Amino acid sequence: MTTPQPTTHVRPNYLLIWLYLFVMTIAEVLLAFELPVTQNLKLILLLILAVWKAMLVALFFMHLKFERWRLRLIFIVPLPLAAILVTTVIMEKVF
Amino acid sequence: MTTVAHTRTEAHSEHAPMSFWRKYIFSTDHKIIGIQFLFVSLFFLLVGGLLAMQIRWQLGFPGKPMPGGGILPESMVSGGVILPEYYIQLVTMHGTFMVFFAIMPLLVGVYANFLIPLKVGAHDMAFPRINMWSFWLALLAGLIMLAGFFVPDGAPRAGWTMYAPLSARPDLSGATISQKLWSISIVVLGLSSVMGSVNYITTIINHRAPGMYWFRMPLSVWALFITAILAVLALPVLQGAAIMLLFDQSIGTHFFDPVAGGQALLWQHLFWFFGHPEVYILILPAMGMVSDIIANGSRKPIFGYHSMVFAIIGIAFLGWLVWGHHMFMSGMNPTLGSTFMVSTLLIAVPSAVKVFNWMGTMWRGNLRFHVPMLNAIGFVSMFTIGGLSGIFMAATPVDIPLHDTQFIVAHIHYVLFGGSLFALFAAITYWYPKMFGRMMNEGIGKAHFFLTFIFYNMTFFPMHIIGMGGQMRRIYDPTIYDFLKPQQPLNVFISYSAFALFAVQILFAFNFLWSLKFGKKAPQNPWDDNGLEWSLPNPAPHGNWDRTPNVYRGPYEFSAPEAGDKDYLPQYVKLPTDRDPVPAPAPAGH
Amino acid sequence: MTHATQTLDQMRPPFPAEVGSGVYSNKLGMWVFLASDVMFFTALIGSYIILRFGMPSAWARPGAVLNVPLTGVNTFLLICSSVSMVKAYAAIADGKKYFLRKVPGKTLQDGGLKFWLLVTIICGAGFVGVQLVEYIKLVGEGFTPAGYREGSLLAEHALADPVKYGAGVAGMYGSTFFTMTGFHGFHVTCGVISMLYLYFTKVLPEKYSAQDYRGIEVIGLYWHFVDLVWIILFTIVYLI
């Protein structure tokens, strides 16, 4: 039985995160319309950007970076399930 | 004990006396909410049973006027004879009511609510008001679903699985308004379920009494915990699918309409991705409660407590990976079919572990055949048969001829009736004293068990045979097929057995209702059990304990040498050799 | 602008209990609820991905039908509301219950809980407003959940250029767009209403303090989640 310690941590610089999100959003819009890259590469890059932004929000705004693993687990668990559903059905459809 | 954390001592007795409405109707007390769920769910169980009786009439005696059919309107019953349009409504709504509004609320709504705080040593659920809302939303969902029978064009008729595009196209199915009501009801029910599950999970994680370590929790609580996790993740998928179905029916979207680019199979995938965890939601709480009762009835600790816990977790985890076995005949990718076959066969393993452990618990036990124990043993044997038929269907080649036949119907009913419902008879009898302060009548209980067991097997076992003989599910009149005509005598036999089975339930209903007022007053611990709930008077008071109990041992210390001359040793009893558990310290700086 | 803070993770129920998760119940409950909400959006977004894989021609090119610049600004607005939410949380964690306060030596006043939460509510409501205006405009042009309305401007465009505007009546495009963004908008609206409720019943009467600001943290989690979902949605609905 572990006794909980007060979690002291350095408060993240929220304005800096906001700046990152702003810049990444601009990058996404530009990528979608302007940059001459192939469709597949565009798809992958956009998805990476989107997931990165989402992780910034989850880790810093929602505080997950500083929480115990038990709490992060609650958020992580649905994700593989979602992936399994979508991948299986697409595999099925492709057939 | 150095730090004494403050206890919520008289917080509850300081309440101003509550009005009847606040105390019994709009109650936030988890026990009252559990009892509310009990009455409402038993009502829906009756509704489902009445629908089943009509189905059995039609299957046993196709084309013959049904006794009492005259009271139903002409659109359903013509000259007393059930019409095909009505028959398919019966089949659909029997499944819907039984799964969503009878078994699920009985197992989860009643027992998660009632037992969890009592068995972990909490004063109430983590979020009592959300708990109250969970009940009222479930009731609302049930009423919306029931309304389907009374609107123009009658009840939905695409089967309880609501396959698209039949369910998405009112012009094809004929059910206009009620189909939308189905979707709305499911969304509301999903909300109720999620709210409840959030409560159960939070209470079990955060509100356990000092000393109630994870591996000291009774298996009923473990099962309800894992069930709540399944519910919280699975129900929203059904809600999403139901919303898409509702939009297909009402605002012209095309999710499941292949003509406009949608995918009919998408519905099946979404539904069964929810549906398979759902069936584990329908069996795990039953398994958990049966574990408690069998340990009690054997006067022995549960055999292999840790493996029982891991088996529950294993079943729940694997349950997410098997949904395709409901779709073997859908024309899916054969490679995927094989994958699902393997995962489905795997899931038999933890279930088997549990069955062997129950048997191991009873082996050489000092068996007490009280009514809950009888029903629990009935559960184990019937669930085993249901599980065995499941193995048949897990193998894709075997499933090809068996899919959508009465064999599947037999399997469903062996696990849901033979399994969950027998477990419910056991649980209702077992915790009745805690709920109402009285005992149910033992004699009537035993008669009910034996008669139910006999008629139940007479009803559902032959379904395996006629299923293998080729009789399909949801068929209006089997005698139109020459190859099914020779089986019709079995159908008649099943129908007579089903009528007898239904009639016998009067014993249970009578016992339940009569004992409320005239049952023997219950002693504090009528079953000589170890759980925390038995440290409270019957019925348990609002707020449960004045001072949070301390927990000194695991839940199954039957026949323990330390207990002296008694053959049980409750979790809350402090022996001279026990030390008080240290509660979590108060947070620093508060 | 950084300093050490204690979180509320140690708040115990007011009776003895095992350690459990180590976070207080309201927060644990909200996280569990958010996990369920992930599954809900999985059903909707997953279906979108599956349907699009099945018939990619039914979708228009990005920007052809939907107003990406406007929605980009709207996305930014939602992100701003998320930042102001976390600023509100940081403010009450420091005990700043006030609206605005002058800080010696700084030009900008220091915002307290009342200020930042109000900014969040306004930005959130703004997001919903812009979405609604967008919907009305789209339906007016002929983009409906059932696809392009017969005889509308977009239907004509689709006939002329099916690659850019989506083949046929683009029924799937419309169905998935309105369902996903509509339910997201519903979640945002619920969040705005909840924050308004809290604002008037708890924030203005200064019921939150540095010792107990659970409600703000919990609604903050919900709000960030809603923002997170939009970040994903914006990319896969508007930009792909």
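The centres of domain 1 and domain 2 of chain A, taken over C-alpha atoms, are separated by 22 Å. Those two domains cover residues 11-62 and 69-95 of chain A, with bounds that come from an automatic or database domain assignment. The model is predicted: local features need pLDDT of at least 70, side-chain atom pairs count only at pLDDT 80 or more, and totals for chains, interfaces and linings use all residues. Residues are numbered from 1 along each chain as its sequence is written, while chains are lettered from A and ligands numbered from 1 in the order in which they are written.

**Chains A and C**

- Chain A has 4 helices and 1 strand, where helices (H or I, at least four residues) and strands (E, at least two) are DSSP runs numbered from the N terminus.
- Along the sequence of chain A these elements follow the pattern β-α-α-α-α.
- Of the 95 residues in chain A, 29% are buried; a residue is buried if 20 or more other C-beta atoms lie within 10 Å of its own, exposed if 12 or fewer, and partly exposed in between, with C-beta atoms placed from the backbone.
- Chain C has 7 helices and 5 strands, and from the N terminus on they run β-α-α-β-β-α-β-β-α-α-α-α.
- In chain C, 53% of the 240 residues count as buried.
- The C-alpha trace of chain C spans about 65 × 50 × 30 Å along its principal axes.
- Among the contacts in chain C with a separation of 6 or more, 72% join residues 24 or more positions apart; two residues are in contact if their C-beta atoms, placed from the backbone, lie within 7 Å.

**Where the chains meet**

- Chain C has 46 residues in contact with 43 residues of chain A.
- Which elements give two or more residues to the side of chain C that touches chain A? They are β1 (4-6), α1 (25-54), α2 (68-93) and α7 (214-238) of chain C.
- α1(C) gives the most to that side, with 12 residues.
- By class, the side of chain C that touches chain A has 26 nonpolar, 17 polar and 3 charged residues. Here Ala, Val, Leu, Ile, Met, Phe, Trp, Tyr, Cys and Pro count as nonpolar, Asp, Glu, Lys and Arg as charged, and the others, Gly among them, as polar.
- Chain B has 47 residues in contact with 39 residues of chain C.
- On the side of chain B that touches chain C, the elements that give two or more residues are α6 (177-206), α7 (219-250) and α8 (264-281) of chain B.
- α7(B) gives the most to this side, with 9 residues.
- The side of chain B that touches chain C has 28 nonpolar, 17 polar and 2 charged residues.

**Confidence in chain B**

- Chain B has a mean pLDDT of 91, and 96% of its residues reach 70 or more; pLDDT is the predictor's confidence in each residue, from 0 to 100.
- Residues 1-14 of chain B have a pLDDT below 50, and beyond near neighbours in sequence this stretch has 18 contacts in the model.

**The largest nonpolar core**

- A nonpolar core is a set of buried Ala, Val, Leu, Ile, Met, Phe, Trp, Tyr and Cys residues joined through C-beta atoms within 7 Å.
- Val290(B) and Ala426(B) touch the most other members of the largest nonpolar core, which has 292 residues.
- Helix α3 (residues 84-120) of chain B gives the most to this core, with 25 residues.
- The core lies between domain 1 (11-62) and domain 2 (69-95) of chain A, because both give residues to it.
- Not counting residues up to four places away in sequence, the residues that Ala426(B) touches include Met289(B), Val290(B), Pro372(B) and Phe379(B).

- Val309(B) is in helix α10 (residues 305-318) of chain B, and counts as buried because it has 20 C-beta neighbours inside 10 Å.
- Leu198(C), in helix α6 (residues 171-203) of chain C, counts as partly exposed because it has 19 such neighbours inside 10 Å.
- Leaving aside neighbours within four places in sequence, Leu198(C) is in contact with Val203(C), Gly215(C) and Ile219(C).
- Helix α4 (residues 153-160) of chain C has Leu154(C), Ala155(C) and Ala158(C) buried. These residues are on the same side of α4(C), because they cover an arc of only 100° around the axis; the arc is that of the directions from the helix axis to the C-beta atoms.
- Among the elements that cover the buried residues of α4(C) are α3 (113-141) and α5 (162-165) of chain C.
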